[in-house]
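Please look over the protein shown below before reading on. The notes that follow go through it topic by topic.

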Amino acid sequence: MINVTDATKSAYTGDSIPKTLTISVPSRNITFTNADIVSQSLELTEAIENERSLTFKGCIASQLKFSVADIVTNLRGEYVEATIQAGNTQVIPLFKGYVDEQNNLTYEDVVTEFTCYDILYQKGEIECIDWYESLTFPISVKRFRDSFFAFIGIEQEDNALV
């Protein structure tokens, strides 16, 4: 959960306050903002599971898709961060992950579409059966999650639920 001030909350409900989206590639010193992103091309998807039954590779926790014009640099495999800010309020993180796909949509205007996934997507090839069989049931969701993330090597941030 992200703690935001009342001023930040009200800034997002007002139409007159401009919202600035920023997608940065820190290792390349590249930043895309509202002016760079093709209109209506931004998609941010979060899902625990995208199949009917639980599969470890099926978990695509976060996916970010966007298109930009006039970039010819190959960004596949690069780490990206996306944030949003309303006016002069606090910056809110939206996404952290890696560019998985980069496709040119047109050749005249050089519009490039990027598909990014969070780090959990890259961990999908890990063999988990020994870990799973080591669990003691019944188990809480928190204990399951903590154990799983420790097993695959992803550090979690401690947060209190509402």
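K9 and D6 form a salt bridge, with their closest N and O atoms 4.0 Å apart; a salt bridge is a side-chain nitrogen of Lys or Arg within 4 Å of a carboxyl oxygen of Asp or Glu. The model is predicted: local features need pLDDT of at least 70, side-chain atom pairs count only at pLDDT 80 or more, and totals for chains, interfaces and linings use all residues. Residues are numbered from 1 along each chain as its sequence is written, and side-chain values use heavy atoms, with hydrogens and water left out.

**Salt bridges**

- Side chains of opposite charge can pair when their charged atoms come close.
- The count of salt bridges comes to four.
- K9 and D6 are three residues apart in helix α1 (residues 6-13), so about one helical turn separates them. Helices (H or I, at least four residues) and strands (E, at least two) are DSSP runs, numbered from the N terminus.
- D6 is exposed at 60% relative accessibility, while K9 is partly exposed at 46%. Buried means under 20% relative accessible area, exposed means over 50%, and partly exposed lies in between (1.4 Å probe, protein chains only).
- D146 forms a salt bridge with K142, where the closest N and O atoms are 2.7 Å apart. D146 and K142 both belong to helix α4 (residues 141-152) and sit four residues apart, about one turn of the helix.
- D146 also meets R145 in a salt bridge, at 3.8 Å from N to O. R145 is partly exposed at 34% relative accessibility, and D146 is partly exposed at 28%.
- Through shared partners, the salt bridges join K142, R145 and D146 into one network.

**Aromatic pairs**

- There are ten aromatic pairs. Rings of Phe, Tyr and Trp (its six-membered ring) pair if their centres lie within 6.5 Å; planes under 30 degrees apart count as stacked, over 60 as edge-to-face and the rest as tilted.
- F32 and F66 make a tilted pair, 5.8 Å centre to centre with 55° between the planes. Because F32 lies in strand β2 (residues 30-33) and F66 in strand β4 (residues 62-69), this pair ties together parts that are 34 residues apart in sequence.
- Both F32 and F66 are buried.
- F148 and F149 make an edge-to-face pair, 6.0 Å centre to centre with 90° between the planes. Both F148 and F149 are buried.
- W131, Y132, F137, F144, F148, F149 and F151 are linked by ring pairs into a cluster.

**Nonpolar cores**

- The largest nonpolar core has 17 residues, of which I23, F32, F66, L75, F114 and C116 touch the most other members. Such a core is a set of buried Ala, Val, Leu, Ile, Met, Phe, Trp, Tyr and Cys residues joined through side-chain atoms within 4.5 Å.
- Two or more residues of this core come from each of β1 (19-25), β2, β4, β5 (79-86), β6 (92-106) and β7 (111-117).
- Apart from neighbours within four places in sequence, F32 is in contact with L21, T22, I23, I37, F66, V68, I71 and L75. Contact means heavy atoms within 4.5 Å.
- A second, separate core has eight residues, among them L120, C128, I152 and I154.

**Cysteines and Q63**

- The whole structure has zero disulfides, a disulfide being a pair of cysteine sulfur atoms within 2.5 Å.
- C116 is buried at 0% relative accessibility, and C128 is buried at 7%.
- Q63 is placed in strand β4 and is buried at 16% relative accessibility.
- The side chains of Q63 and Y117 are joined by a polar contact of 3.0 Å. A polar contact is a pair of N or O atoms within 3.5 Å; within protein, one must be able to donate a hydrogen and the other to accept it, and residues adjacent in sequence count only if both atoms are side-chain atoms.

**Backbone features**

- Most residues other than glycine have a negative phi, and most peptide bonds are trans.
- F137 and P138 are joined by a cis peptide bond, with omega about 0°. P138 is in the loop between α3 (129-133) and α4.
- Q40, which is not a glycine, has a positive phi of about 60°. Q40 lies in the loop between β2 and β3 (43-46) and is exposed at 81% relative accessibility.
- D70 is also a residue other than glycine with a positive phi, near 60°. D70 is in the loop between β4 and β5 and is exposed, with a relative accessible area of 63%.
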